[in-house]
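Subject: Structure for you to look at

Hello,

Here is the structure we talked about. Please open it first, then read the notes below.

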Amino acid sequence: MKLVIAIIQPYKLEEVKEELYKADVNLITVSEVLGHGRQKGVTEVYRGAKENGNLLRKVRLEIAVNDDYLEPTIKAIIKGAKTEETGDGKIFVLDLKECVRIRTEERGNTAIG
Amino acid sequence: MNSGDTAWVLISAGLVLLMTPGLAFFYGGMVRRKNVLSVLMQCFIIMCVLTIQWVLVGYSLSFAPSEGFWGGLRWLGLRGVGFEPYADYAGTIPHQAFMVFQGMFAVITPALIIGAFAERMKFSAFLVFTLLWATFVYDPLCNWVWGMGGWLRNMGALDFAGGTVVHINAGIAALVTAIVLGKRTNLDKNVPTPHNMPFVVLGTALLWFGWFGFNAGSALAANGLAVNAFVVTHTAAAAAGLSWALIEWMRNGKPTIFGVCSGAVAGLVAITPAAGFVSVIPAIIIGLLVSVFCFIAVTVIKPLFGYDDSLDAFGVHCVGGIWGALATGLFASKLVNPAGADGAFFGNPKQFLVQLLTVGVTIVYTGVVTLVIYKAVDLFIGVRVDEKSEVMGLDLTQHRERAYTVLE
């Protein structure tokens with residue numbers, strides 16, 4: 001099981017969600033974050049007005065997936081978010097030790113999807 | 001000259017001005033977060049641009065004695081508009097007091113249309129469109145209904161504070177706009193929700209408060225007629241707010257604050273042409289019914305025909321205005337205003353027909369000229385933002401500004 005964390009441009013969220021749904025990934029958590037990359041937020045005044053400390057608004061997705069869904073998920077996120085300009089974002093993949101569905105107390109691979 | 005009347009009209013002018021920022025928040029709370037500044041900006045820039053247009057040419061075109069199509073330019077730059085009363089319009093207040101009071105109406109009317117093209121109109125195109133619309137739609141229509149020698153005025157059309165000139169006018173322009181501009185992208189996948197309902201409520205409060213100036217101020221005197229307008233305005237708003245809440249309660253299971261606010265505004269719209277001609281019981285009826293009509297317009301007719309009138313400028317202002325104008329033709333009574341007329345329910349069915357004609361003329365004239373202006377602006381500037389800008393939001397792309405910070 002893996003946890004995929006993706007930082008993307010806020011205005012790309014709808015497209016990324018569409019691509020994820022097409023890849024049959026339907027469980028997702030979305031939060032609003034601030035961040036910047038190597039440019040320290042300098043080049044991005046058009047796509048995102050600067051916050052304090054040169055931080056720009058981003059959106060973070062967290063998606064828990066079974067191992068066979070990992071590549072499709074990564075590909076879907078890239079397809080929805082990529083614009084070939086700086087600020088497109090990053091994807092992190094973490095090993096996920098356990099996953100529990102609270103309602104039914106299922107664990108493991110059945111709880112993930 | 002009467003100091004009480006003058007004081008009241010000046011205060012009313014201030015109240016009506018307050019309605020434009022009120023409208024800005026009313027609409028601003030309804031749009032998505034990424035577009036709130038664009039709505040506020042559009043309202044405030046209208047306050048700036050149309051004020052100047054009004055004192056330079058607008059007042060003359062609208063209220064100088066009619067030369068047929070409009071008032072002409074005899075009062076260009078307020079030449080000839082001084083501080084003695086101009087008896088044809090208001091015998092007890094300085095002429096400029098009347099002028100500045102009317103100017104606030106000219107400011108808020110185009111601001112109403114913002115509700116139709118919110119979240120997708122280019123700022124530059126919006127500026128040009130608004131200026132042209134004010135000059136070629138609002139000013140002539142104002143002259144016809146309210147100007148000395150205006151042909152609708154001469155026919156006996158009753159419009160106390162702007163049911164046709166303001167609400168039907170802007171409402172039809174809104175419908176044309178919504179159709180010409182097309183729907184917002186991804187509307188079905190990304191159903192827009194109001195991002196700040198407290199703003200909508202605050203805006204409604206400012207509108208309701210300001211409307212006392214809009215309607216009661218239109219008596220142009222601090223007298224019994226102004227009191228009548230005040231009382232029926234307040235009552236109609238209250239009845240309509242309650243009505244919308246009840247409709248929602250019955251149809252959707254729960255009454256919402258958005259519904260009460262929409263209802264109150266609809267009630268205020270509907271009573272606007274009638275405020276100086278009807279008494280309090282008709283006001284209640286007008287208020288109770290306007291919410292029914294507007295509710296249907298917004299929840300049934302809009303989805304049925306599929307136009308994207310984003311913030312229901314047509315559904316509330318046009319439909320509400322039409323009902324108000326026709327209701328004036330039903331409930332007007334000379335007992336309330338001897339200078340007015342009796343309506344159909346008071347033995348004069350002809351008034352209803354006059355109102356109907358006025359409504360029809362407004363719809364046709366405004367609809368056609370608004371469309372022409374749009375096509376012209378679209379040809380030279382392009383009215384709609386490109387899709388990427390629309391998704392990113394107008395605040396960032398049109399104004400390079402952001403309304404809310406995240407950390408500090």
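Leaving aside its neighbours within four places in sequence, which residues is B:Leu268 in contact with? They are B:Leu207, B:Trp208, B:Trp211, B:Thr233, B:Ala236 and B:Ala237; two residues are in contact if their C-beta atoms, placed from the backbone, lie within 7 Å.

This is a predicted model, in which local features need pLDDT of at least 70, side-chain atom pairs count only at pLDDT 80 or more, and totals for chains, interfaces and linings use all residues. Residues are numbered from 1 along each chain as its sequence is written, while chains are lettered from A and ligands numbered from 1 in the order in which they are written.

B:Leu268 also belongs to the largest nonpolar core, which has 138 residues. Such a core is a set of buried Ala, Val, Leu, Ile, Met, Phe, Trp, Tyr and Cys residues joined through C-beta atoms within 7 Å. Buried means that 20 or more other C-beta atoms lie within 10 Å of the residue's own, with C-beta atoms placed from the backbone. Helix H3 (residues 95–117) of chain B gives the most to this core, with 16 residues. Helices (H or I, at least four residues) and strands (E, at least two) are DSSP runs, numbered from the N terminus. A second, separate core of 15 residues includes A:Val4 and A:Ala76.

Chain A has three helices and six strands, in the order β-α-β-β-α-β-β-β-α from the N terminus on. Of its 113 residues, 27% count as buried.

Regards

Methods: A residue is buried if 20 or more other C-beta atoms lie within 10 Å of its own, exposed if 12 or fewer, and partly exposed in between; C-beta atoms are placed from the backbone.
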